[in-house]
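Student: I'd like to take a close look at a single part of this model, and then see how other parts are built. Could you walk me through it?

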Amino acid sequence: MTDKRIYAFGAGKADGNTGMKQLLGGKGANLAEMAGLGLPVPPGFTITTETCRAYHDAGKEMPAGLMSEIRKAVAVVEKHLKRKFGQGLLFSVRSGAAASMPGMMDTVLNLGLNDATVETLATETGSARFAYDSYRRFITMFGDVVAGVSRKFFDAELDAAKKRTRAKLDSDVSAEELKKVVGLLKEVYRRETGEEFPQDPWLQLERSILAVFESWNNDRAIEYRRIHRIRGLLGTAVNVQAMVFGNLNDNSATGVAFTRDPATGANEFFCDVLFNAQGEDVVAGLRTPDDFEAFHERMPKLADELLEIRSSLERHYRDMQDMEFTIEDGKLYILQTRNGKRSARAALRIAISMVEEELLTREEAIVKIDAGSLNQLLHPTFDPKANVQVIATGIPASPGAAKGKVVFTPEAAELMAHKGETVILVREETSPEDIKGMAASQGILTARGGRTSHAAVVARQMGKTCVAGCGELAIDEHERVFRAGNIVVREGQYISLNGSTGEVMLGDVPTVPPELSGDFETIMAWSDEFRRLGVRANADTPVDANKAREFGAEGIGLCRTEHMFFDATRINRMREMILARSLEQKQAALAKLLPMQREDFVGLFRAMDGMPVTIRLLDPPLHEFLPQDSAIQQVIADELEVPVRVVQESVEALHEVNPMLGLRGCRLGLTQPLIYDMQVQAIIEAVRDAERGGAKVEAEIMIPLVGTVDELRPLRRRIEAQVERFNLEKQAKVKVKIGTMIEVPRAALTADKVAEEADFFSFGTNDLTQMTLGVSRDDAEKGFLIEYVIRGIFPTDPFATIDAEGVGKLVEMGIQLGRKTRKDLKVGICGEHGGDPESIEFCHNAGLDYVSCSPYRVPIARLAAAQAAIKAAR
């Protein structure tokens with residue numbers, strides 16, 4: 001920790017610079033940088049993020065001696081401006097963390113005004129209206145931010161004044177009326193706080209600084225950091241800066257500008273300006289702003305000066321900038337600059353343009369793009385100009401923009417889709433039984449579950465939009481209705497789902513189709529040039545495989561064979577095998593499944609012609625194929641022509657207290673080998689058939705849930721014998737690789753032994769995370785997980801981003817031990833983490849060969865893998 005707590009800026013010099021964001025926050029570091037560049041920045045000072053941390057560590061006590069240091073810093077500003085604080089000099093007090101968190105923390109403007117100084121300000125400026133407008137703004141912001149009084153009480157008084165005087169805009173309210181409003185606002189403050197509005201400017205300043213420190217841990221700031229995975233920061237800095245006034249007169253203005261269009265990335269100055277207004281008016285949208293053309297027409301010299309600053313800042317920061325500026329009586333001031341937020345489309349265009357303009361190298365351009373934002377390009381998005389009514393918000397589990405008529409059962413979804421209707425399937429939660437209805441739906445909305453629930457995983461796999469865990473919903477499937485607060489939505493009504501924000505909207509919101517432009521292809525080509533990691537896809541059908549190849553996948557890293565059995569035309573064949581009472585009956589049922597599996601595998605091999613296809617043998621426990629509902633059990637018994645008691649007895653016999661750790665994966669293959677025999681036979685025959693058809697096949701058989709080499713060894717021997725027997729009998733030359741999924745901690749700890757029998761490893765980090773942390777991914781998000789993230793117990797959701805310290809160590813150990821035994825051991829990852837940019841960086845650094853993810857995350861993985869390689873090279 002540094003001893004220096006306050007850093008000054010202004011008058012063409014500064015104590016800090018842009019490289020000190022961790023200490024000064026983004027805003028403070030950039031103010032210092034701009035001041036050092038000689039740009040017109042109002043003078044002030046920044047209180048460090050370390051001081052914020054010290055405040056919270058000390059039980060929210062003002063750090064000893066800080067106010068004395070602040071008084072000295074104020075004196076420097078007073079000397080520069082030749083004005084005294086509280087006697088003509090006013091301040092703004094703003095937050096500013098190292099990571100940009102727009103709107104999440106607090107700001108106070110016009111600080112230093114009181115009943116005496118407002119009159120002084122009116123006299124000095126010759127405008128009583130300006131003085132009292134500034135005072136009423138200060139009382140409102142101080143009351144809201146510092147005293148915790150709801151802003152609506154203050155706004156109600158201004159609205160009443162506008163109504164009395166028939167004023168359309170705030171700026172139409174007269175000085176005389178504003179003076180009355182100020183008196184009423186002070187009465188509101190007294191009524192709500194039990195104290196008079198503070199008149200001492202130094203007390204105002206002290207309380208405002210503490211309020212900004214406090215805002216670091218307000219609910220919206222905590223949630224923002226959680227959503228955007230911002231962690232490791234000390235706190236917020238506090239920027240105390242001399243006020244300049246855009247609301248002084250008609251020769252004054254305030255505005256926000258982007259050095260390029262943040263929506264398209266076009267190299268065009270993007271500017272909103274309000275004349276005779278303060279910055280909060282632009283942000284709040286109280287008035288419709290003018291554009292740069294209108295600004296240039298009204299103030300041409302100042303507009304040209306702003307254009308010069310635009311070019312200077314963009315060349316200096318080598319990135320698109322988001323600037324805030326104020327014009328006070330004909331003089332331009334820059335109040336802030338930061339790297340501007342942008343759409344994915346704009347990010348690609350800006351990156352390419354800046355390379356063409358020789359502002360950036362290709363490597364630098366690649367690293368500046370937010371890989372996760374590519375989701376916006378790969379799925380339909382809602383028209384940003386549309387008016388929407390948000391009725392609930394859940395977990396954004398699968399991106400995209402979906403709209404359709406509400407249905408409550410998969411059967412209804414399938415029926416309505418068959419009639420040409422677009423539908424949204426609304427369920428408490430989904431199960432494998434719902435797969436066909438999910439496939440028929442445009443989107444899925446569930447009241448329970450999280451990002452790794454069945455609904456979420458299947459939706460991402462299908463490229464469907466999904467909002468999960470929407471606890472605000474009260475679903476009545478019997479009445480075919482759900483309620484969200486006071487809103488009642490019945491089956492057949494239209495709703496729209498935003499899978500990127502989790503918003504549930506009433507009605508048919510218009511969408512914009514994805515446009516994979518030439519910029520997208522260019523960035524993907526650059527990414528492939530720099531990355532080391534291979535990128536495969538999790539795909540179970542030829543449709544998925546073709547989509548994955550379209551997005552640049554280099555093979556299939558995970559084919560989940562169980563998903564093939566859930567098709568309505570096949571699931572009863574699987575149930576028939578489970579319910580069989582004799583070996584002959586089991587063999588007969590499996591014989592019906594074999595050609596179905598073979599056909600699927602042939603389709604995958606053809607789609608991935610020449611690329612590896614990793615097929616995981618059956619993993620889930622058998623009870624998942626049998627219904628728990630007694631009515632459905634009766635239907636199945638009738639369809640299979642068996643007594644219902646046979647179904648009920650099987651359900652009871654297969655019941656497990658903890659099925660995740662029960663009879664599944666390789667344990668199932670060892671105890672009921674006929675199932676794996678059928679699947680291996682289907683793979684062998686599919687290799688032969690696909691190769692006969694001209695496809696190049698690289699088949700990999702993956703055995704799941706291995707915990708010891710003594711499980712893997714007999715299964716490998718059985719598969720090798722089956723392949724050898726087939727080649728002898730059919731005079732074929734089928735070759736397959738045999739590997740395992742590392743998802744049990746013991747397998748990672750004994751990977752040197754496991755590698756003796758494995759051609760490859762694929763880390764299944766979903767289950768590996770559950771078993772390592774002792775946390776159920778299906779239950780955690782509706783229980784304690786979010787609380788853990790908020791409190792910093794988990795730095796982020798371990799099912800979204802790999803737990804590098806815990807699970808990651810097992811992965812690294814598994815790689816090192818495995819390659820100690822087998823130097824050429826190929827290692828990949830196929831859990832949910834395979835499409836997460838932060839996890840992909842870990843995979844690169846850990847030495848994995850490839851990642852595997854949903855087809856719709858393949859471009860994200862390609863870009864993230866390039867970014868990881870570039871960062872590692874640096």
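Student: Which residues of helix H16 (residues 410-418) are buried?

Tutor: Happy to. First, a word on the basis: this is a predicted model, in which local features need pLDDT of at least 70 and side-chain atom pairs count only at pLDDT 80 or more, while totals for chains, interfaces and linings use all residues. Residues are numbered from 1 along each chain as its sequence is written, and side-chain values use heavy atoms, with hydrogens and water left out.

Now to your helix. The buried residues of H16 are Pro410, Ala412, Ala413 and Met416. Here buried means under 20% relative accessible area, exposed means over 50%, and partly exposed lies in between (1.4 Å probe, protein chains only). Helices (H or I, at least four residues) and strands (E, at least two) are DSSP runs, numbered from the N terminus. Seen down the axis of H16, the buried residues fall within an arc of 160 degrees, so they line one face of the helix; the arc is that of the directions from the helix axis to the C-beta atoms. Glu411 and His418, on the other side of H16, are exposed.

What does the buried face of H16 pack against? Its partners are strand E16 (401-407), strand E17 (423-427) and helix H17 (435-440), where contact means heavy atoms within 4.5 Å. Just after H16, Gly420 takes a positive phi of about 95 degrees.

Strands E16 and E17 lead us to the sheet. Eight strands form an open sheet with mixed pairing, in the order E14-E24-E23-E16-E17-E18-E19-E15. Two strands pair if DSSP finds at least two bridges between them. Strand E14 (390-393) and strand E15 (395-398) are the edge strands, each pairing on one side only. On average, neighbouring strands of this sheet are turned by 30 degrees against each other, direction ignored; the axes are lines fitted to C-alpha atoms. Within the sheet, strand E23 (residues 494-498) and strand E24 (residues 503-506) pair in the antiparallel sense over four bridges, and Ile495 has Leu506 in E24 as its bridge partner.

Next, the nonpolar cores. Such a core is a set of buried Ala, Val, Leu, Ile, Met, Phe, Trp, Tyr and Cys residues joined through side-chain atoms within 4.5 Å. The largest has 145 residues, and Ile523, Phe601 and Phe605 have the most contacts inside it. Helix H27 (residues 673-692) gives the most to this core, with ten residues. Leaving aside neighbours within four places in sequence, Phe601 touches several residues, including Cys559, Met564, Ile615 and Ala686. A second, separate core of 67 residues includes Tyr55, Phe130, Val146 and Leu158.

Finally, the rings. Rings of Phe, Tyr and Trp (its six-membered ring) pair if their centres lie within 6.5 Å; planes under 30 degrees apart count as stacked, over 60 as edge-to-face and the rest as tilted. By this rule there are 20 aromatic pairs. Phe142 and Tyr189 form a tilted one, at 6.4 Å centre to centre and 40 degrees between the planes. This pair links distant parts of the chain, with Phe142 in helix H5 (residues 128-145) and Tyr189 in helix H7 (residues 175-193), 47 residues apart. Phe142 is buried, with a relative accessible area of 0%, and Tyr189 is buried at 0% too. Ring pairs link Tyr135, Phe138, Phe142, Tyr189 and Phe197 into a cluster.

Key:
Axes fitted to C-alpha atoms, helices over the stretch in contact; angles between N-to-C directions.
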